[in-house]
Amino acid sequence: RAYIMKLTPVLIGLLTIILSLSCKKNSNTNTPPPTQTSSIDTGLLAHYTFVGNTQDISGNGYHLTSFGPTPSADRFGISASAYKFNGKTDYMTIPALLKAESVRQFSIAVWVKPTEITYNSILSLLSIISNSCSSSISISHEGSSFIIRNKVIFFDSPNNCTVGIGSGATADLTGNWHHLVLVQTYISGPNETNPRYNYDLYYDGRKFSLGSSGIGSNPKAISLVKGGIIGGNNNSGNYAANFEMFTGDIDDIRIYKRALTSAEITEIYNLKK
């Protein structure tokens with residue numbers, strides 16, 4: 001009995017160590033891995049995945065109205081996950097983006113698969129001034145080159161506008177999916193004597209060209225409250241007067257109320273839907 005009583009503290013010590021190690025092991029096993037956060041949904045005004053419909057999944061309710069485009073396969077071959085435009089009568093209207101009444105910076109990202117290129121506008125946004133120009137992203141075939149172009153209004157008045165343009169040549173765009181992004185950044189600050197807009201175009205995840213509103217232009221804020229059109233251009237609000245219609249497929253459109261970073265654009269480009 002004395003022998004058993006003598007070993008009891010030792011056994012208790014061993015059991016304590018074993019239980020401690022077991023708890024530590026279980027704690028390590030059950031600890032979830034650190035989560036990686038993404039910022040690509042921050043600042044979204046509208047997001048159209050085109051998976052079965054033309055709804056805005058950003059939560060802002062800026063759903064599109066479709067006039068003719070038909071469902072098609074996306075870049076992964078998944079049916080009814082993109083839309084095909086016939087280049088003649090097909091288009092969609094973007095409603096008033098009321099949360100973008102006065103913006104200095106914005107971004108537009110879109111996947112396209114052109115089947116024919118003459119001069120085609122992928123997306124255009126109406127000015128708040130009637131009969132003014134519209135801001136747009138377009139592609140064209142000029143001579144032996146294929147051109148991606150953006151045009152953004154920074155001063156406008158009835159029947160007149162001043163725009164910043166960025167453009168550059170690419171390989172043949174037809175028959176394949178390509179990712180295009182337009183980013184408008186406002187260059188200003190206490191040490192900046194020449195306030196202006198910069199326009200960056202990205203092509204398949206890489207910065208493609210740079211445009212500007214001009215040194216010292218001090219452009220006004222931009223309003224997107226008149227909405228716009230997908231699949232063509234329009235500068236009047238009368239959608240019977242669409243022009244520069246797009247021929248091919250369009251998918252996964254994102255419109256932001258901020259300037260995306262290069263890293264974010266690469267992340268969006270690499271998404272698997």
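How many disulfides does a search of the whole structure find? In this predicted model, the search returns 1 disulfide. The bond joins cysteine 133 to cysteine 161, with the sulfur atoms 1.8 Å apart. The torsion about the S-S bond is about -60°, so the disulfide is left-handed. Cysteine 133 belongs to the loop between strand S7 (119-126) and strand S8 (134-142), whereas cysteine 161 is part of strand S10 (residues 160-170); the pair therefore ties together parts that are 28 residues apart in sequence. Cysteine 133 has a relative accessibility of 24% and counts as partly exposed.

Salt bridges number 7 in the model. One of them links arginine 254 with aspartate 41, where the closest N and O atoms are 3.7 Å apart. Arginine 254 sits in strand S15 (residues 247-256) and aspartate 41 in the loop between helix H1 (2-30) and S1, so this pair connects parts that are 213 residues apart in sequence. Arginine 254 is buried, at 5% relative accessible area, while aspartate 41 is exposed, at 55%. Another salt bridge is formed by the side chains of arginine 149 and glutamate 142, with an N to O distance of 2.9 Å. Here arginine 149 is buried at 15% relative accessibility, and glutamate 142 is partly exposed at 37%. A further salt bridge pairs arginine 258 with glutamate 264, the closest N and O atoms being 3.0 Å apart; both of these residues are buried.

Aspartate 56, in the loop between strand S1 (44-48) and strand S2 (65-67), is buried yet has no salt bridge. The nearest side chain of opposite charge, that of lysine 99, is 8.5 Å away, and the cut-off for a salt bridge is 4 Å. Polar atoms of the aspartate 56 side chain lie 2.9 Å from the backbone nitrogen of histidine 47 and 2.9 Å from that of tyrosine 62. Beyond its neighbours within four places in sequence, aspartate 56 is in contact with Leu45, Ala46, His47, Tyr48, Gly61, Tyr62 and His63.

The largest nonpolar core comprises 42 residues, and those with the most contacts inside it are Ile122, Ile230, Ile250 and Ile253. Apart from this core lies another, of 11 residues, including Ala109, Val183, Leu260 and Ile265. When residues up to four places away in sequence are not counted, isoleucine 253 touches Ala46, His47, Tyr48, Phe50, Ala109, Val110, Leu123 and Ile230.

Technical notes
Residues numbered from 1 in each chain as written. Predicted model: local features only at pLDDT ≥ 70, side-chain atom pairs only at ≥ 80, totals over all residues. Heavy atoms only, no water. Core = buried A, V, L, I, M, F, W, Y, C linked by side-chain atoms within 4.5 Å. Buried < 20%, exposed > 50% of the residue type's maximum accessible area, 1.4 Å probe, protein only. Contact = heavy atoms within 4.5 Å. Helix = DSSP H or I, 4+ residues; strand = E, 2+ residues; numbered from the N terminus. Lys, Arg positive; Asp, Glu negative; His and termini not counted. Polar contact = N/O pair within 3.5 Å; in protein donor to acceptor, adjacent residues only side chain to side chain. Disulfide = S-S within 2.5 Å.
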